[in-house]
Amino acid sequence: MRYLTNKYFSFALLCFCHCLVSAQGLSDFKIKSNATPTQWTKQILKGNILPEYPRPQMSRKNNWQNLNGLWQYIITEKEASIPDKFDGHILVPFPVESSLSGIKRKLLPNELLWYKKSFEFGGLKNGQRLLLHFGAVDWRATVYVNGNNVGEHTGGYTAFSIDITNYLKIGENVLIVKVYDPSDKGIGPHGKQVLNPGNIYYTPSSGIWQTVWLEQVPATYIRRLIQTPDFDNGIIKVAVDIEGSHSPVEIEVSATTENGETYTSKGLSTHIIPLKIKHVRPWTPDDPFLYDLKVIVTKNGQKLDEVSSYFGMRKIETRKDSSGYYRIFLNNKYTYNLGVLDQGFWPDGLYTAPTDSALMFDISMIKAMGFNTIRKHIKIEPARWYYHADRIGVLVWQDFVNPNQRLPEGSKSEFERQVSETIGQLYNFPCIITWVLFNERWGAYDQQRLTEYVKKQDPTRLVNGHSGELLYVNNILRDTASNPYVSSDMADIHSYPFPRNAPSLNGKAKVLGEFGGIGVPVEGHIWNDLIAGWGYNGMGTPQLLKLQYAQMIDSLLILEKKGLTASIYTQPFDVESEQNGLLTYDRTVIKIPLNLIQSLNAKVLPLLSFKYSNNLTKNIQVADTTVVTYEKRTELYKSGSCDSACLRSLSIMAFTKKDTSLSKLVSAQYIEGIKDKFSETNLRYIINFTLTTNDPGFSILFNNRKTINAVLGENASENAILNILFKDKIEPHLKDSIVDWNRIESDLLPYGDLAEEKISSSKLLYYFGKSDWDNFGKYYKIYFEKVLKYKRNNLHINNLSWPIFEHITDRDILEVAVRVMKFNIDNYDANNVNAIDTYANLLYKTGKKDEAITWQLKAIKMSKNNEEFRSNYEKMMKNQKTWD
C-alpha cells in the first residue's frame, strides 16, 4: 500500500494509516525459535507492536506516530558506509539478539547494525516541528533522514530526541539508523549484557530496544517537566523547560484530585511554580494515589502548548526510630522495604518486554506475592514500566548501570554521563525512592565524590552509594572495604543464601541489598537445559525452597528488631542460566504457591491491600513437588516407555553423572528422532552430544553449515566441527611419544579445509608446548592466515603472538603477527593493555618505529606507567632491541 498524501492531509490520518500498514506487514513475519516462550510471545504476530503512548508523564496523545514494527536491516563491517541494499526485516523495538526480532543474531564489536524505515509526511503549519524520539538504542546510534546525518546519541539505556523538521520532504521520507554496540568489549555501561553469556551474565540486547516515535509539537513547546513534591508543606513544585522561545513565557499548572477538585497556579517559565494542594493524599504502596497534572504554555494570551502529566505526593528519608535505629521513613512513617531484585530480562525479547501487559505483569506479580519494593537491577526500563510502578504502587530502588568493570580509558566519563541522563530522565516518577550507585564493586571508583554528586543532583531521594560493598557467601566474607558506605544513606550488605544484618553506622539505615538466590530448576521451563542451572545454594527442589524461604523470613523478623530496615530477595524470575527465581523465566510456573508466599511475607510486612485480577494468575502453574529421578528415567527407558522429552532429559542426566555409555546411546536415539533438527534448542543439543565423526549428529553439522550458522551465528557449525575433529581424530595421537602427523592428515582428508585448519592449529599448539620455535612460527603463519580470512579463531591471540616477537626473526612471519595483533585489537582486545604492548613491540621489530612508539605510549598510559612497558619505550627511543 502506498500513501496518497498532500500537505492538506492531517498528521493524525497519516498515523492511523501507518498503524494499519504495520499490522498487515506482519503476515509473513516469523518469530525465531525459543526454548522458553512466554504467554505473550504469540501476541506479537497480531501486529500493532507496543502501541501504547510511550511517555505517560508528558503526554500529547493526539500528535504522535508510532514507528514500531517491521524495519529493514543489515549487519555490515564496522567501517561500512550507508548501505544501498538491506538483508531483510527486523521487528522493532526488539533487540537483534532476541527471538522476537526475527533475527536472533549476535552483534559483534567489529560490526554495525543498520535499520531503515520509510514514513509519510504531510507537512506542518504555523512553525510546527516534528520530533523523532527513541526510547533507547544500545549503544551508539547515528540517525539519518533522507541521507542527512541529523544526530547521534551514545548510551544504551536513556532516551533521546532529534528535531528532524528541516530534513523532511512532502511524501515519503527515509529514516536510517546506524548502531554500534561492542557490549562488554566497549567503554560504555553494559549491565549484565556480555558477548559470551553464562553464570550471572546474560545475552546482549543490541540496537533499538524501546519504542521509536514521531511527535508533532508547536514552534514553542515544552521540552521537559521537573516535578518536586514538598510533602510536609503540601506543595508540588513544577519547573518547565521550554524550547523555541528566547524570552520567558507564561505557565499555568493545574492539579486535579480524586473528587475532581482542581488547584491552579501560574508563573513564568524562568521560575519554579509552586502549586499548593489542600488535604494532601499521600502516595504509598498501599494507596498509590496519583494527581493528574496539566501544564499550559501561553504568550500574550495565546496558548502555545499543552501537556498532561501526573505526580504523587511522597517524601523519603532516613531517621532514628524510637529504639534508636536509623530507618527508612516514607511520608514520615517507618516503612520496611521488603523487596526483590528484578533484572528485567525476557526469554523472547531480552531487554524488551513483548507487550505492555507483560511489562505490567511483572510488577503486579511481585506485589501480589506481598513485596512492596523492587530493586531494579542494573537496567533502566522504559517510561511505561515506572508508570505502572507508580499506578500499582511499589517502591523502587533504581540501580545505575555499572561501568565496564575493567574501567578502560573513557569508561568513567561514559558512566558519569549516563548517571546524569538517568537522573534527569527518571526524576519525576514517585515510585523511585533510592538511587543505587555501585554494586559489589563492579567498576567502582571515586565512590565518595559520585555519591555526593548524585545527592546534589537529586536531594529528594536516598542514595545507596554501594550495594553489597560487604559480600558474604555461605557465611564467609568475600571481601573487605577500607571505607565502606562513605557519604551513603545506607549500610548495605549482600549475604547468600541466608540473610544477615548490616553493620551499625551513624546516620545510615541498615539494609540487606541482596540475599536468597536458591536455585530450583523446573523441567520444560529452562533457558538452556544443556548447562548446569545456577543458584547460590546449588540446585534444589520446590519443597526445599519452601522450607528455606520460610526460614529466611523468620531470620528477617529477628534482624528487623535489631535495626534491619530493608531486604531484597534474589530474585522474582529465573534469568537465562540462573534458575533462582520464585517464578520460571517464562513466567508460567511459580515455585512456591502464591498464597504461601503471601502469608510468609506478611509476617514481615502486613499484607498490602493489593487486589490483582484473575488474569494475573490464570496462566500460572505451581511447580511439582516431586522430582523424577535419574533412576526412574532409566527404568522408563529400559521398559520402552521413555518419550522424546524423557530421552532428552535422561541423556543430559547421564552426561552430568558421567554415565558415558548410556548418554551416548540415549542421545543418539534422541537425535535420530528429532523432527525439527534446525531449531536453536535442538542444534545446541546436537553439538553438545556429538563427540565423534561417527555420531549421528556429525553429518547434520557437516552437511548443513550455512543453515546452522543462520540459526546459531557466524562460524557456529565450523567451530563445532573443528572441536569434534580435534577430540576424535587428533587428540588421541598427541599422547604418542612421536606424533604421526601424516597419519592424522590421512584420517582427516575427507573433511577438507576445516581439517587443514584444525591440523595447523594443533601443530601450532603442539610445537608451542615443545618450544620448537621454528615449527611454531611456520604453523602460526599457516593457521592465522587462514582464520583471519574467515574471521574465525578460538585461540588466545596475544598469548601466541608474544612468543613470535620473542623468538622469531623471519620477516614474513613477523608481518603476519603484526596483522594478527591488529585484527585482535580491533575485534577482541581493544582494552587489553598487554595486547597493545605486544602489538607495539611487533611493530618495532618489523621496523615501524614511529607507529610502535605511539602504541607503546598508549600501553604505558593505560597501565599507569608499567615499568616493563616504560623500559621497552626507552629502548625504542634509543634504537635498542626490546627482545633481548
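## Ground rules

Residue numbers start from 1 along each chain as its sequence is written, and side-chain values use heavy atoms, with hydrogens and water left out. Since this is a predicted model, local features need pLDDT of at least 70 and side-chain atom pairs count only at pLDDT 80 or more, while totals for chains, interfaces and linings use all residues.

## Helices α20 and α21

Helix α20 covers residues 833–845 and α21 covers 849–862; helices here are DSSP runs (H or I, at least four residues) and strands are too (E, at least two), numbered from the N terminus. Their axes come within 8 Å and cross at roughly 160 degrees, with axes being lines fitted to C-alpha atoms over the stretch in contact and angles running from 0 to 180 degrees between N-to-C directions. The two are therefore roughly antiparallel (angles over 145 degrees count as that).

On the α20 side, the residues in contact (heavy atoms within 4.5 Å) include Val833, Ile836, Tyr839 and Leu843; α21 answers with residues including Trp855, Ala859 and Met862. By class, the contact splits into 10 nonpolar, two polar and four charged residues. For the classes, Ala, Val, Leu, Ile, Met, Phe, Trp, Tyr, Cys and Pro count as nonpolar, Asp, Glu, Lys and Arg as charged, and the others, Gly among them, as polar.

## The second largest pocket

A pocket is an open set of points on a 1 Å grid over the protein atoms alone, with protein on both sides within 12 Å along at least five of seven lines; lining residues have an atom within 4 Å of a point.

Strand β13 (221–230) gives the most, five residues. The lining comes out as 24 nonpolar, 13 polar and 13 charged.

## Cavities

Five cavities reach 30 Å³ or more; a cavity is a set of grid points where a 1.4 Å probe fits but cannot get out. The largest has about 90 Å³ of space, and among its 13 lining residues Gln227, Pro229, Arg314, Tyr427 and Asn428 are closest to the centre. Strand β13 turns up here as well, giving the largest share of this lining with three residues.

The second largest cavity has about 50 Å³. Its lining includes Asp138, Trp139, Asp181 and His190, and divides into four nonpolar, five polar and two charged residues.

Conventions
Angles under 35 degrees count as roughly parallel, over 145 as roughly antiparallel, 65 to 115 as roughly perpendicular and the rest as oblique. Grid points are joined across faces, edges and corners, and a volume is the space filled by probe spheres set on the points.
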